[in-house]
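Open the model in your viewer and keep the selection panel at hand.

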Amino acid sequence: MKKYWLLLALIFPLFASGQSRTIAERVDSVMNLMTLEEKIGQMNQYNGDKKATGPISINTDKEGQIKSGMVGSVLNVKTVFNTRKIQELAMQSRLKIPLLFGLDVIHGYRTIFPIPLAESCSWDMALMELAARIAAKEASASGTHWTFAPMVDIARDPRWGRIMEGAGEDTWYGSKVAAARVKGFQGTGLGNSDAVMACAKHFAAYGAAQGGRDYNTVDLSERELHEVYLPPFKAAVDANVATFMNAFNTLNGIPATGSAMLQRVYLKGKWHFGGFVVSDWESIGEMIPHGYAADKKEAALLAIKAGCDMDMQSRSYIDNLAQLVREGKVEENLINDAVRRILTKKFEMGLFDDPFRFCDPEREKSQWNNRENLYVARDVARKSAVLLKNSGNTLPIISKTNKIALIGPLVKSKFDNLGFWNISWPDDSLRIVSLWDGMANRVGKERLLYAKGCNIEGEDESGFEEAVSVARKADIVIVSVGEKFDMSGEGKCRSNLHLPGVQEKLVMELITTGKPVIVMISAGRPLIFNTIAEHAHAILYTWWLGTEAGNAMADILLGDYNPSGKLTVTFPRAEGQIPLNYNHLNTGRPDGEKAISGVNKIYKSNYLDISSLPLYPFGYGLSYTTFKYGELMLNTHKPAGNDTLEVSIDVTNTGQYQGEEIVQLYIRDIVASVARPVKELKGFSKVMLTPGETKRVKFMLSNEDLKFYDSNLNYIWEEGEFQVMVGPNSADLKSDKVVWCRSSAK
Ligand code: BGC
């Protein structure tokens, strides 16, 4: 700290820290020294030009602006070497206000964890928190102050490429994951040198893009906004998230970036959010093509009024805000409020005490190739994969299986395992464990056979023959198919969700050999693979599992780990079924029930050509063992007021392996003043059971769990009948009913 702080303290005694001065006072003391232009500079964020490990190249215009205090934050710069170099430029500015370095540390920095959607299938909050903690440790040791994560957008459309970046389709569950990830990134508090600021994004409703097309229009009822899309953001605020990012989309006609309702009324008003809001990449400028602002000046005016504190990359603020203040169009108070929020975080991060406190090469080294971090990444990866099928106990592969054929375009692929939001390093090819590497590490190359079979994309089937002949030589066939790392992610939306290219055909060719075929699917979204689902012997959905992918896959295939993951998103059978979330409303003509008398069965809420049921429901996932559920037990059938309803069930491991089961609790409000979903997740419990063991799983429900937004957007519960359901997934549930009254006197 010392050198810079002493310097500052000499020049500006008002900067001085000390017990007696609160951060608010210190912020004020800095702000008193700032010109309007310098204040606006703090609201300006630039891209660092080059995601490099080598020396950063920053163009001279930006360099000059940093030196004159016209930049508050830089993104996409990594490593101690590069961040130090740029921070040194900021130290040449008049007030020496440190820069904040932001980066998309979405699921790991040096050690890449499974993509967030995959991790969410572990249903393990402590583990997700730990993964984020490790990412924060590595990133902060390498000069990063701020991650643009977690993405807490609820996503119900697998065409949308960014579904990979969230926690799936359920709001209640997504809120828990949001809180866990914020806690993980921020650790025990921002003052610690291993904490990074988290950023809840994209505020709001970005996941509801029409047609599953990125950046597209969002049009929602106020109730759906409040009930489905806002709660994970509120959970992030409650977990003390330092920052928010607004969103590219319009919401009911208003760009989220220009929405005062979202940013001023809800976030900073009702939710008392004390951090700051950054725009999404150039999203202030994008209000022009949205048809909401005539030019960047108007865009800046609308964004600052709406409560957007920092401009990522669009230069709308730096070029226009001072003028807007001078013209009397923007009150200086708005600028002051934004700058106060930003400086407060810089103080909380300890950057005024030492702008280089995240620039310690020794610390960077200690986190660089950290074996413990890799070990955790392997464990998270094992817990994120979901076993979708295992007919005749094909898996795990028993040790006497002699020859194992590894076939498919993803067997030897390394980089694809990192997914779209990877942070790449020059030595990646040495560090990332492919499926081939993982299996070879475990059983030795001698027992493995290989054929690529086909590419991920394209129509070329010329490799099929070799693949089939390799399969014939083996006792068991593992075929690894799926998406390339950049087929799901930002701007990576697809209308066709079938396995790309001729991969499904390859799998079917292999199945005709009569050998047991295990299909491993690596992807960033639910794909459609109905024929494989029917004919393969086993299917393991691995998503993209990160640096340790291959080791984790081998652990599962060979039975060192018994899979326990369960889907946090519904898998459709056809694109035409989308959206297909489990927690939909009923209709007046529900499918799958007896026809209403006099109404032909055809006049039901279904499709003529396909089933309206998913291929795999929300919450679904198998284990190498089997679990039997006993009868549902309730401590009362007539809870009243704020009574606790105790729901319990005995779960027995009836198979041969020790395993973990994710027991799920759902409720349904049968009649309400607003139609309610057929099921809503309200609890889960992950229990480890040895063969033959029974455990009683208990859930507590209170009237808080019954609440919803009524037609006037009041958050209330209503008395009446409720269905309580418990089981292994959202489509396989034991059920009972209770009548919940306001008071027992009734
Ligand atoms: C994405 C954000 C991301 C930002 C910075 C944008 O395009 O929407 O999620 O944090 O870029 O990389």
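Buried here means under 20% relative accessible area, exposed over 50%, and partly exposed in between (1.4 Å probe, protein chains only). This is a predicted model: local features need pLDDT of at least 70, side-chain atom pairs count only at pLDDT 80 or more, and totals for chains, interfaces and linings use all residues. Residues are numbered from 1 along each chain as its sequence is written, and side-chain values use heavy atoms, with hydrogens and water left out.

**Cysteines.** Select Cys 308. Its relative accessible area is 0%, so Cys 308 is buried. A disulfide is a pair of cysteine sulfur atoms within 2.5 Å. The sulfur of Cys 308 is 11 Å from its closest cysteine sulfur, that of Cys 199, which is too far for a bond. The disulfide count is zero.

Which side-chain atoms lie 2.7 Å from a ligand oxygen? Arg 162 supplies a polar one, and Asp 280 an N or O atom. For Lys 201, the distance from a side-chain N or O atom to a ligand oxygen is 2.8 Å. Alone, the ligand exposes 310 Å², and the protein buries 93% of that (Shrake-Rupley method, 1.4 Å probe).

**Domains.** Zoom out and color domain 1 (102–316), domain 2 (385–557) and domain 3 (627–740). The bounds come from an automatic or database assignment. Finish with the C-alpha centres of domain 2 and domain 3, 36 Å apart.

Terms used. A polar contact is a pair of N or O atoms within 3.5 Å; within protein, one must be able to donate a hydrogen and the other to accept it, and residues adjacent in sequence count only if both atoms are side-chain atoms.
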